[in-house]
Amino acid sequence: MVLRKTIIPFLAAGLMLTGLVAGTGFADEDHRERGERHSRYMPKVAENATYKQECSSCHFLYLPGLLPARSWEAVMNNSDKHFGENLGLDENTKKEITSFLKNNSAERTDTEWSNKIMRSVGSATPERITEVPWIKKEHRRIKPEVFQRPSIGSFSNCGACHTQGAQGNFEEDAVSIPKK
Amino acid sequence: MRRKISYLLALAVSITAIGTGSADAATKLNPQMQALVDSYQKEAGVKAFSADEGKKLFMSKRMHSVKKEERSCTTCHTTNPAQTGKTVVGKPIDPISPAVTKDRFTDPKKVEKWFKRNCEWVLERECTPKEKGDYITFMTSL
């Protein structure tokens with residue numbers, strides 16, 4: 001009897017410990033699953049060698065799922081005055097990049113974030129990702145001077161802070177804002 | 001002993017020679033690029049290109065008629081071709097100097113593409129064959 005009384009607290013402590021261990025176990029699994037969960041709500045990663053070659057020398061390789069197809073069409077139709085710059089793309093290159101962007105656009109990638117982008121854009125045709133209302137809202141607490149820091153340069157330079165942005169991970173825990 | 005010293009001296013001299021050799025050596029263009037520069041020369045009708053003129057072009061600033069801002073090659077490439085540059089949206093650009101970035105000025109198609117894009121950005125027109133030849137001559141002289 002006395003023995004049983006002393007055993008009970010030990011048993012209880014043992015159970016609690018098991019619970020704790022199991023708890024961290026679950027947390028770990030949760031963390032591991034995140035990689036897969038990205039695909040459900042982050043813009044989908046789509047790749048095209050021509051797109052990469054022609055576009056990423058100058059700027060972050062924006063994921064096609066960040067804009068509606070009509071926006072990409074407008075951007076590509078204006079490629080001879082791309083925000084004041086003539087990209088000098090030949091017809092085949094232009095065609096290939098346009099269809100790649102349109103085939104993987106926000107409405108073609110059924111992820112939570114692309115859906116949010118579509119909803120926030122409404123019937124507008126933004127040519128800049130930085131003009132998408134939902135994306136602007138997500139960055140509202142970042143002061144303009146932060147974007148001006150030498151190693152960031154502008155709001156358009158996603159990869160400066162979204163360290164895994166090129167892999168489609170725009171999660172807050174993958175954000176590192178350079179101090180300078 | 002004396003022989004040892006002379007060996008060491010010879011070694012030191014040859015190391016110095018290698019050292020200064022690579023620092024002074026201009027980048028030699030590959031055959032495709034040489035052909036492109038030759039075609040510029042033919043079009044321009046000049047005897048030789050000038051590295052000094054190329055440097056002048058690289059450093060010159062020009063007011064853009066629409067954007068009303070001063071633009072230059074150096075806006076993105078910095079005034080030191082050996083230094084990493086930055087695009088207008090902040091993305092790093094490998095140094096333009098072929099002495100530092102080995103694949104610079106090795107692919108005629110790429111060179112033509114960037115002359116077209118960047119001459120229009122800075123000068124609001126395409127560059128002349130003379131300007132392109134001078135520019136490449138300057139860059140390969142570094």
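Chain B is built from six helices and four strands. Everything shown in these views comes from a predicted model.

**Figure 1. Chain B in overview, with its elements in the order α-α-α-β-β-α-β-β-α-α from the N terminus on.** Let us start with the whole chain before moving in. Of the 142 residues in chain B, 35% are buried. Among contacts in chain B with a separation of 6 or more, 53% are made by residues 24 or more positions apart. The chain has an accessible surface of about 8900 Å², and carbon and sulfur atoms account for 59% of that surface.

**Figure 2. The disulfide between C119(B) and C127(B).**

**Figure 3. Two cysteines without a bonded partner, C158(A) and C73(B).** C158(A) takes part in no disulfide, and the nearest cysteine sulfur, in C161(A), is 9.3 Å away. C158(A) is buried, at 15% relative accessible area.

**Figure 4. The interface of chain B and chain A, where about 1400 Å² is buried between the two chains.** The size of an interface is often given as the accessible area lost when the parts come together. Carbon and sulfur atoms carry 44% of the area buried here. In chain B, the residues that lose the most area to chain A are V89(B), K91(B) and R117(B), which together make up 44% of what that side buries. Counted by contacts, 13 residues of chain B meet 20 residues of chain A.

Figure 5. Nine residue pairs are in polar contact between chain B and chain A, and two salt bridges cross the interface. Which element gives the most to the side of chain B that touches chain A? The answer is helix 5 (residues 108-123), with seven residues.

**Figure 6. A salt bridge between K116(B) and E126(B).** Side chains of opposite charge can pair when their charged atoms come close. Here the closest N and O atoms of E126(B) and K116(B) are 3.3 Å apart. The pair links distant parts of the chain: K116(B) belongs to helix 5 of chain B, whereas E126(B), 10 residues away, sits in the loop between helix 5 and helix 6 (129-141). Both residues are partly exposed, E126(B) with a relative accessible area of 43% and K116(B) with 28%.

**Figure 7. Two further salt bridges of chain B, R125(B) with E131(B) and D134(B) with K130(B).** A search of the whole structure gives 14 salt bridges over all chains, and this view shows two of them. R125(B) and E131(B) meet through their side chains at 2.8 Å, N to O. R125(B) is partly exposed at 36% relative accessibility, while E131(B) is buried at 16%. For D134(B) and K130(B), the closest N and O atoms are 2.6 Å apart. These two residues are four residues apart in helix 6 of chain B, so about one helical turn separates D134(B) from K130(B). D134(B) is buried, with 4% relative accessibility, and K130(B) is partly exposed, with 30%. Elsewhere, salt bridges that share partners join E54(A), K113(B) and R117(B) into one network.

**Figure 8. A polar contact in chain A between N169(A) and Q164(A).** Our last stop is in the other chain. N169(A) lies in the segment after helix 7 (144-147) of chain A. Is N169(A) buried or exposed? With 7% relative accessibility, N169(A) counts as buried. The side chains of N169(A) and Q164(A) are joined by a polar contact of 3.1 Å.

Key:
Residues are numbered from 1 along each chain as its sequence is written. Chains are lettered from A and ligands numbered from 1 in the order in which they are written. This is a predicted model: local features need pLDDT of at least 70, side-chain atom pairs count only at pLDDT 80 or more; totals for chains, interfaces and linings use all residues. Side-chain values use heavy atoms; hydrogens and water are left out. A disulfide is a pair of cysteine sulfur atoms within 2.5 Å. Buried means under 20% relative accessible area, exposed over 50%, partly exposed in between (1.4 Å probe, protein chains only). A polar contact is a pair of N or O atoms within 3.5 Å; within protein, one must be able to donate a hydrogen and the other to accept it, and residues adjacent in sequence count only if both atoms are side-chain atoms. Contact means heavy atoms within 4.5 Å. Accessible areas come from the Shrake-Rupley method with a 1.4 Å probe; for residues, only the protein chains shown count as cover. Buried area is the accessible area (1.4 Å probe) that two parts lose on being put together, summed over both. A salt bridge is a side-chain nitrogen of Lys or Arg within 4 Å of a carboxyl oxygen of Asp or Glu.
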